[in-house]
Amino acid sequence: MKFARYAIGLAAGLAMTASAAFADTTTLRITLQLPLKSHLGENVSLFKQKVEEISAGDIKVEIYDSAQLYKDNEVPQAVGSGAIEMGVASLTRYVGDVPAVDVFYMPFLLNSEDLVRKAVAPGSPVRGPLDEAILETGARVVWWQAYGGSVLLSKGEPIRTPADLKGKKVRVFGKTLGEWIKAAGGAPTLVSGSEQYIAYQRGTVDVGMTGVSGVDARRLWEVMDTITVTNNADIEFIVVINEQFWQGLPEQHRAWITEAALFAEKDVRDRMSDIEATSYKAARENGMTIYEPTAEEIAAWEAAAQPVYDQFLADAGELGAKVLEAARALRN
């Protein structure tokens, strides 16, 4: 059934590519795993509004939110194959093809807004090589979406140090994050963002990992009661477009899409601090405890993280070493 769905989507996508240069209008279907009320949903809606406005209706955008078409882990294949024109996916979903993308999930490497902004700037020595490598999968990065720092979710007690993970199953959403949890003594379990709520509700995992805005958007306070602000990784999402479809578009349409994408990217990046502050406030108002680890506790997490760096360099090869060095240079 899934193969048939991809085949039908691919045929439609290729047909659209062939005719795009001759069409008066371009239709962009975008798959999104989060609800429209989430800040990523609002950001995609902003892009839709902007591109339809500046193109005077020559470009139409259809948003399929809440994973109604594809789950997060299916987006790279769906967009790369042309089954759908555009999609939003967690950056780490490209780790299978481009292991170096997980440089953003290296423990405590990019742990300030200033460092993150430098790393994600278009064409930066960290982001630039990753965008180029993702293009080889058949998908072009249109813009990056800020999602904030990673936090841990639990019930009853905060996760203060690695010792608190012993014997616990932890939701992760990427390979390197899984390596970090394993190094800290926990059992990583890969769970898609859209399946978090039920995983926590059923006890499939004992500990959660997400961005605090996800707690708000998915009402995770109904199934978890404590947030530990580890800020161990910078969570990034990317919006991608099928490269063959892109190349078949009129030059003016590509220019409009690029303009709207840059507008949307700047907006979400500039609002991220306020988004997180609002989400923490909502979490508190809905009964959650917010725990800030001490400097000594963060040091314990950092001490347990060295094997993650060794594994990343072994897996990510020359590109991984290049972007890791570039990310470290930002700290100097």
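Author: A nonpolar core is a set of buried Ala, Val, Leu, Ile, Met, Phe, Trp, Tyr and Cys residues joined through side-chain atoms within 4.5 Å. The largest such core here has 86 residues, and Phe-47, Val-103 and Phe-104 touch the most other members. The structure is a predicted model, in which local features need pLDDT of at least 70 and side-chain atom pairs count only at pLDDT 80 or more, while totals for chains, interfaces and linings use all residues. Residues are numbered from 1 along each chain as its sequence is written, and side-chain values use heavy atoms, with hydrogens and water left out.

Reader: Which element gives the largest share of this core?

Author: Helix H12 (residues 306-329) does, with 8 residues. Helices (H or I, at least four residues) and strands (E, at least two) are DSSP runs, numbered from the N terminus. A second, separate core has 19 residues, including Val-191, Leu-220, Val-223 and Ala-283.

Reader: What does Phe-47 touch, leaving out residues up to four places away in sequence?

Author: Its partners, by contact (heavy atoms within 4.5 Å), are Leu-28, Ile-30, Val-61, Met-86, Trp-143, Ile-257, Ala-260, Ala-261 and Ala-264. In general, nonpolar side chains tend to be buried together in soluble globular proteins.

Reader: Why is Ser-55 called buried?

Author: Buried means under 20% relative accessible area, exposed over 50%, and partly exposed in between (1.4 Å probe, protein chains only). Ser-55 has a relative accessibility of 2%, so it counts as buried. The residue sits in the loop between helix H2 (39-54) and strand S2 (59-64).

Reader: What makes the approach of Ser-55 to Glu-52 a polar contact?

Author: A polar atom of the Ser-55 side chain lies 3.5 Å from the backbone oxygen of Glu-52. The term covers a pair of N or O atoms within 3.5 Å; within protein, one must be able to donate a hydrogen and the other to accept it, and residues adjacent in sequence count only if both atoms are side-chain atoms.

Reader: Why is Ala-56 called exposed?

Author: Its relative accessibility is 69%, and therefore Ala-56 counts as exposed. Ala-56 belongs to the loop between H2 and S2, and has a positive phi of about 55° although it is not a glycine.

Reader: Is Phe-108 buried or exposed, and what is the reason?

Author: Phe-108 counts as buried because its relative accessibility is 6%. Phe-108 also has a positive phi, near 60°, in a residue other than glycine, and is found in the loop between strand S3 (86-90) and H4.

Reader: Why does Arg-140 count as partly exposed?

Author: The value for Arg-140 is 26%, so the residue falls in the intermediate class. Arg-140 is part of strand S4, and its side chain makes a polar contact of 2.8 Å with the side chain of Glu-243. Beyond neighbours within four places in sequence, its contacts include Leu-135, Val-239, Trp-246 and Gln-247.

Reader: What makes H5 largely enclosed by the rest of the structure?

Author: Of its 9 residues, 7 are buried, so H5 is largely enclosed. These are Arg-127, Gly-128, Pro-129, Leu-130, Asp-131, Ala-133 and Ile-134, and the buried residues pack against H4, S4, S9, H10 and H12.

Reader: Which residues lie nearest the centre of the largest pocket?

Author: They are Glu-113, Gly-148, Gly-149, Met-272 and Glu-276, out of 22 lining residues. This pocket contains about 290 Å³ of space, and S4 supplies the largest share of its lining, 6 residues.

Reader: Which element gives the most to the lining of the second largest pocket?

Author: H5 does, with 4 residues. The volume of this pocket is about 240 Å³, and Arg-140 is one of the residues that line it.

Key
On a 1 Å grid over the protein atoms alone, a cavity is a set of points where a 1.4 Å probe fits but cannot get out, and a pocket is an open set with protein on both sides within 12 Å along at least five of seven lines; lining residues have an atom within 4 Å of a point. Grid points are joined across faces, edges and corners, and a volume is the space filled by probe spheres set on the points.
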